[in-house]
Amino acid sequence: MTKKAHTEEKAPLPRPGREVFILVVEDERHLADSVARRLQEEGYTVDVCHDGEDGYQLASSKKYHVLILDLLLPRKDGMQVLRDLRRNKVQSMVLILTAKSTVEDRVDGLRAGADDYLLKPFAFAELLARVETLLRRQGVEPKTLMQVADLELDVESRNVRRAGRNIHLTAKEFMLLELLMRNKNRILTRRAIAEQVWGYTFDTGTNVVDVYVNYLRKAIDEGFPKRLVHTVRGVGFILKDE
Amino acid sequence: MLRSIRFKLTLWYSTIVAVTFFVVGFATYQFVSRMLNASLDQSVTNEVQWIAAHMEKQDERQESAANMRDEIQEHSRFSPLKEYVEIWDTAGHIFYQSRNLTGDTLAHYLIAPPDHRWLLETPTNFRDHDIRLAFNKTSRASIYLAMPTTIVTSALSELLNILGWMGPAVLVLAVLGGFFLARKSLSKVTKVTEAAKRITADRLHDRIPETAVDDELGNLILTFNEMISRLDASFEQMKQFSGDASHELRTPLTVIRTQLETALNSKVSPAETKMIIARCLDEAIRMSGTIENLLLLARSDAGQVAMKADRVDVKELMVQTYEESVILASQKSITVTLQKADPVTVQGDEYRLRQMLLNLIDNAIKYSRQKGAINLRLVREQNAARIIVSDNGIGIPEADLPRIFDRFYRVDRARSREMGGAGLGLSITRWIVEAHGGTLSVKSDLSVGSEFTVTLPVSG
């Protein structure tokens with residue numbers, strides 16, 4: 001039942017230190033595949049399975065750093081998988097990814113030994129950020145330095161440099177740049193940016209996103225021959241290095 | 001406070017006590033006053049009669065006038081009440097006058113003219129006190145005899161005095177007593193109120209402590225608790241429903257969102273983009289279906305779905321649906337057989353009845369194994385049409401049977417998702433059957449199969 005998801009277009013990013021293993025247990029195949037694919041693009045080694053029983057067997061037999069676990073699974077309920085794993089002293093960090101939204105569901109999940117809880121539908125950037133947090137808690141040092149061409153951003157120290165020159169950004173500009181870098185070479189719509197940087201979507205339009213992208217352009221692109229932030233007409237923005 | 005039942009009860013109680021006290025007091029006063037006056041009159045009359053009788057006896061015995069005066073005076077001395085006596089002879093001279101009358105003439109105080117035989121009056125102008133004055137005219141003399149009414153008036157004023165201070169005292173006691181009585185009987189009500197206040201939407205599991213006493217209040221508490229139980233159940237149902245609904249809508253939304261995010265990667269090939277778009281379309285259609293069904297159920301709850309009442313040829317409907325279902329079932333190589341189709345018509349909505357039949361068959365296909373068998377039967381009975389859809393599929397566990405018609409309820413949620421159901425089909429089916437005045441029942445054995453039976457009333 002398991003399969004090793006793989007990508008052809010893109011080789012895993014070189015990641016300093018040891019290999020990081022992630023298991024995705026999700027019965028919705030399309031969803032499982034796109035999650036796995038995205039994680040692989042970030043340089044993680046990902047296994048995927050589609051039911052609770054397989055998930056339990058895999059997680060018990062191999063040491064994964066992080067388990068991304070759905071709750072409503074065929075053959076074995078996600079909550080039961082989690083309890084059994086914890087009873088057998090499996091230490092992997094577990095992130096529950098589910099559409100069950102009530103407070104009781106969250107509490108139950110965390111009580112059963114989950115380390116984080118993310119509600120569907122979610123943004124990939126948020127899933128990635130949470131996975132990184134879980135890895136850091138485990139002592140696995142994920143790559144904190146992100147790089148696009150000669151632009152560097154350190155998530156930990158919050159330093160931004162371009163061509164070796166320090167750039168000062170406000171908190172919102174920093175969040176915006178981090179989001180763009182995390183999604184490098186991917187188009188981000190204005191609404192997606194608004195939701196992830198400001199935490200909500202503006203009913204009155206996404207004008208504020210344009211304003212902040214302009215601030216960011218002034219800070220990181222002005223005075224450099226190569227522009228990194230591009231507008232995709234009618235869609236949104238993209239940070240590209242090619 | 002002034003509008004509280006306790007205040008009103010106290011007010012009523014005190015008013016009743018006060019009115020009772022006033023009536024009893026007034027009656028007592030009247031009775032005592034009448035009795036005292038009567039007894040005074042009696043005394044006066046007795047004295048006059050004694051004098052009259054005595055004077056006649058004296059005459060018979062030929063006693064001297066002086067002797068008679070002495071006897072009258074002697075008699076007066078033993079009277080328990082002070083008395084004034086004056087006797088006139090027929091010649092118009094005062095024959096006898098008691099000493100306490102010095103300077104006064106009783107005859108002057110008589111109001112009515114002394115030409116009656118007998119008079120009894122209360123002149124008010126005698127010295128400083130009222131008197132009861134009796135007059136008796138005999139053949140021998142005119143007798144005037146008076147006694148002060150002080151004995152009556154002082155007794156009455158004493159009584160009034162007693163009633164006067166007893167009144168407020170009784171009233172105060174009534175108010176206090178009424179207040180405590182009301183409080184005692186209402187204290188349980190206060191407790192119920194406090195308990196009811198604690199029970200909010202989030203705390204519907206709480207109940208008011210029930211008393212063993214089978215009184216009005218005990219019944220109230222019982223009724224109240226029953227009401228909370230019903231509220232609790234419907235809140236729980238609502239919570240379950242909105243949780244399920246949001247789950248059903250979130251899942252396709254998640255797929256759409258992650259797929260589209262993937263598509264926005266500049267490195268996704270055009271062919272892959274097309275696939276992603278197709279998946280998203282699928283999910284969107286699935287979501288529309290769920291929303292459509294949800295809206296239909298919501299509108300049916302609100303009674304906003306108009307149900308036609310045409311004559312529907314159920315046999316015809318059954319045959320048509322059977323033909324459609326053969327195609328539907330062929331994907332899983334399931335054999336569908338129309339075993340029996342009696343001619344029968346019912347009063348109803350053809351569109352909804354078709355939807356009901358398709359739902360049942362779709363359900364049977366979903367929960368049948370590859371190469372399974374589904375049997376359809378339409379049986380005409382005395383005054384009912386019976387539609388039976390049976391399969392030899394996976395069956396339904398007994399514990400789940402009572403809940404399969406609940407909205408979003410599925411025996412195995414994870415597996416159902418693959419088959420594309422949101423768990424609303426059977427709810428809609430039951431609604432349609434019940435809207436037609438029929439009944440829907442189910443029999444099932446695990447891994448043997450299920451049998452759904454619709455019974456519709458026949459329109460003559």
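This is a predicted model: local features need pLDDT of at least 70, side-chain atom pairs count only at pLDDT 80 or more; totals for chains, interfaces and linings use all residues.
Trainee: Okay, which residue meets Arg75(A) in a salt bridge?
Mentor: Asp54(A) does, at 3.2 Å from N to O. The pair links distant parts of the chain, 21 residues apart. Arg75(A) sits in the loop between strand S4 (66-69) and helix H3 (78-87) of chain A, and Asp54(A) is in helix H2 (residues 52-61) of chain A. Helices (H or I, at least four residues) and strands (E, at least two) are DSSP runs, numbered from the N terminus.

Trainee: And how many salt bridges are there across the interface of chain B and chain A?
Mentor: Three by that rule. Arg37(A), for instance, forms a salt bridge with Glu272(B), and their closest N and O atoms are 2.2 Å apart.

Trainee: Which elements of chain B give two or more residues to the side that touches chain A?
Mentor: Helix H4 (216-263), helix H5 (270-301) and helix H8 (413-419) of chain B. H4(B) gives the most, with 13 residues. By class, that side of chain B has five nonpolar, nine polar and eleven charged residues. For those classes, Ala, Val, Leu, Ile, Met, Phe, Trp, Tyr, Cys and Pro count as nonpolar, Asp, Glu, Lys and Arg as charged, and the others, Gly among them, as polar.

Trainee: What area do chain B and chain A bury between them?
Mentor: About 2600 Å², with 54% of it on carbon and sulfur atoms. Buried area is the accessible area (1.4 Å probe) that two parts lose on being put together, summed over both. Arg257(B), Leu264(B) and Lys267(B) supply 23% of the area that chain B buries against chain A, more than any other three residues.

Trainee: Switching topic: what is the strand order in the five-strand sheet of chain B?
Mentor: The order is S7-S9-S10-S12-S11 in an open sheet with mixed pairing. Two strands pair if DSSP finds at least two bridges between them.

Trainee: Which strands stand at the edges there?
Mentor: Strand S7 (335-341) and strand S11 (439-445) of chain B; each has a single partner strand, so one side of each is left without a neighbour in the sheet. S11(B) pairs with strand S12 (residues 449-457) of chain B over seven bridges, in the antiparallel sense. Within that pairing, Ser441(B) has Thr453(B) as its bridge partner in S12(B).

Trainee: What about chain A, which strands make its open sheet of three?
Mentor: The order is S11-S13-S12, with antiparallel pairing. Strand S11 (188-189) and strand S12 (229-232) of chain A stand at the edges. Four bridges join S12(A) to strand S13 (residues 236-239) of chain A, and Thr231(A) has Phe237(A) as its bridge partner in S13(A).

Conventions. Residues are numbered from 1 along each chain as its sequence is written. Chains are lettered from A and ligands numbered from 1 in the order in which they are written. Side-chain values use heavy atoms; hydrogens and water are left out. A salt bridge is a side-chain nitrogen of Lys or Arg within 4 Å of a carboxyl oxygen of Asp or Glu.
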